[in-house]
There are 2 protein chains.
Amino acid sequence: MQVLRTLAELRAWRDAQGAVAFVPTMGNLHEGHLRLVEAARRHAPAVVASLFVNPLQFGPGEDYERYPRTWESDCAKLVDAGCDALFAPAVADMYPCTQTCFVAPPPLAGELCGAHRPGHFRGVLTVVLKLFNLVRPQTALFGKKDYQQLALVRDMAAQFALPVAIVGVDTVRAADGLALSSRNGYLTAAERAEAPRLYRTLMAVAERLRAGERDFPRLEQDAAQALMRAGWKADYVAVREAGTLAPARAQGGEFVVLAAAWLGGTRLIDNLETVPG
Amino acid sequence: MQVLRTLAELRAWRDAQGAVAFVPTMGNLHEGHLRLVEAARRHAPAVVASLFVNPLQFGPGEDYERYPRTWESDCAKLVDAGCDALFAPAVADMYPCTQTCFVAPPPLAGELCGAHRPGHFRGVLTVVLKLFNLVRPQTALFGKKDYQQLALVRDMAAQFALPVAIVGVDTVRAADGLALSSRNGYLTAAERAEAPRLYRTLMAVAERLRAGERDFPRLEQDAAQALMRAGWKADYVAVREAGTLAPARAQGGEFVVLAAAWLGGTRLIDNLETVPG
């Protein structure tokens with residue numbers, strides 16, 4: 001695997017490739033990221049991942065500084081997964097001057113996680129656009145665990161006419177159901193044992209949707225209260241239309257249940273798509 | 001010259017080219033546009049122009065509806081200038097859905113013309129980004145007459161790491177000094193006779209800068225008052241650093257004098273770069 005540390009190295013590698021599939025990451029890789037790389041190999045003869053902890057998408061007081069950096073094991077995992085190149089720029093490569101030109105995201109960026117992390121999706125979309133412009137991939141792959149991010153990247157790609165196909169890849173879960181996440185590493189042993197409740201809570205909502213319930217505010221409240229009774233602080237539980245994250249309609253076809261909640265000092269997110277029976 | 005009416009036609013043409021130079025226009029072409037095409041031919045083996053009157057960059061009450069559409073003569077001029085292809089999409093091709101994802105421009109977009117045309121540069125940068133993504137040029141050429149637009153496009157290209165070189169091309173003037181502009185067609189005969197005063201006013205400021213004057217507010221006021229005494233309504237006259245449009249510094253190297261002013265119902269803009277003696 002070629003490690004590309006600078007824009008010049010990336011450009012030289014890129015110019016020697018044909019079609020490229022791209023997996024942007026912030027490192028601290030787990031099985032979910034590796035599935036993205038494996039899926040990428042089915043889309044193009046060359047696969048490039050990026051590893052960049054993007055300061056622009058972290059708010060003040062968030063975990064930018066302590067976000068886990070695990071370079072050696074990340075590289076080893078990418079080699080095993082068959083990644084051809086890893087673009088790992090420095091912050092000064094991505095932001096040589098103060099960034100004052102941004103992607104202004106659609107209103108969805110102010111809802112759900114965006115309502116609790118002001119500026120987060122502006123930072124995400126801006127760095128994704130820059131990475132696309134540098135890597136010039138034909139296909140880019142994103143995990144469905146960050147469902148709102150995927151929806152916004154898809155929307156940006158469509159609205160900006162980006163020449164990149166956006167592919168979503170299923171969430172990978174631990175045996176007890178917990179969605180894999182770099183932030184799971186922040187959990188204490190007791191919190192780790194409690195953490196699968198988030199997914200179970202989503203499954204309970206999905207079950208009631210499949211049974212025909214359509215009182216979305218009630219479903220959301222019940223789920224949030226279940227989490228709070230177990231000691232969580234829920235940012236939100238929401239039922240939305242699958243794909244676009246438009247408000248759920250009683251006559252809607254496919255739903256997704258999304259949640260973000262704090263377990264101690266760690267904010268976990270998860271979601272579950274459901275086709276009503 | 002191939003006329004490309006749809007995104008599919010553009011894509012088919014583009015995929016058959018190597019390097020491409022791109023001249024975005026809103027039509028109603030004059031000698032200034034044709035110089036852009038001629039310059040483009042020195043940058044790439046294939047030159048594509050676009051003709052799209054972009055609703056997103058016109059404010060309410062501005063001249064979107066009456067902006068001159070002169071398709072037949074535009075095509076003839078582009079053929080003569082050696083343009084290989086013309087991309088002329090419909091509004092529904094460029095904006096198939098309501099645009100809710102934009103380029104959020106840097107603060108300069110709120111100054112000078114941007115202070116008088118809220119949202120204008122957001123609309124310009126958003127459509128330029130979309131056109132770049134569709135046309136995928138190696139080089140794009142813009143007239144220096146729209147100096148602030150050129151500065152903002154350059155800044156966006158740098159800050160978003162766009163794989164496009166931005167080239168500015170000198171303003172073309174009538175024999176009496178008036179900068180060529182599609183909006184000159186709005187002028188009555190009497191207004192057309194008065195219009196060169198704008199350029200003469202810029203030259204007077206440039207002359208005083210060359211003579212060593214550095215009281216920028218006074219230079220700006222004197223020029224605005226000269227226009228107003230002649231019956232113009234000046235939006236602004238400004239001395240800035242050339243290139244970036246940063247505030248002028250007394251120790252600065254190169255300046256540009258910019259103005260926007262109304263002559264009757266027509267808003268004219270012009271600018272003049274000056275190297276102090």
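In this predicted model, the centres of domain 1 and domain 2 of chain A, taken over C-alpha atoms, lie 25 Å apart. Domain 1 of chain A covers residues 2-169, and domain 2 of chain A covers residues 182-272. Where the two meet, domain 1 of chain A supplies twelve residues to the contact and domain 2 of chain A supplies 14 residues.

Let us look at the domain 1 side of that contact. Two elements of chain A each give two or more residues to it: α5 (113-116) and α7 (147-159). Which of them gives the most? That is α7(A), with three residues.

| Property of chain A | Value |
|---|---|
| Box filled by the C-alpha atoms, along the principal axes | roughly 55 × 40 × 35 Å |
| Share of the 277 residues that count as buried | 44% |
| Share of contacts between residues at least 6 apart in sequence that join residues at least 24 apart | 70% |

The largest nonpolar core has 171 residues, and the members that touch the most other members are Val37(A) and Val37(B). What surrounds Val37(A), leaving aside its neighbours within four places in sequence? Val37(A) is in contact with Val23(A), Val47(A), Ala49(A), Leu78(A), Ala81(A), Gly82(A) and Cys83(A).

Strand β9 (residues 255-263) of chain A and strand β10 (residues 266-274) of chain A run antiparallel, and nine bridges join them. Within this pairing, Ala260(A) faces Ile269(A), the residue opposite it in β10(A). The hairpin of β9(A) and β10(A) has two residues between the strands, and Gly264(A) takes a positive phi near 60 degrees there.

Methods. Residues are numbered from 1 along each chain as its sequence is written. Chains are lettered from A and ligands numbered from 1 in the order in which they are written. This is a predicted model: local features need pLDDT of at least 70, side-chain atom pairs count only at pLDDT 80 or more; totals for chains, interfaces and linings use all residues. Domain bounds come from an automatic or database domain assignment. Two residues are in contact if their C-beta atoms, placed from the backbone, lie within 7 Å. Helices (H or I, at least four residues) and strands (E, at least two) are DSSP runs, numbered from the N terminus. A residue is buried if 20 or more other C-beta atoms lie within 10 Å of its own, exposed if 12 or fewer, and partly exposed in between; C-beta atoms are placed from the backbone. A nonpolar core is a set of buried Ala, Val, Leu, Ile, Met, Phe, Trp, Tyr and Cys residues joined through C-beta atoms within 7 Å. Two strands pair if DSSP finds at least two bridges between them.
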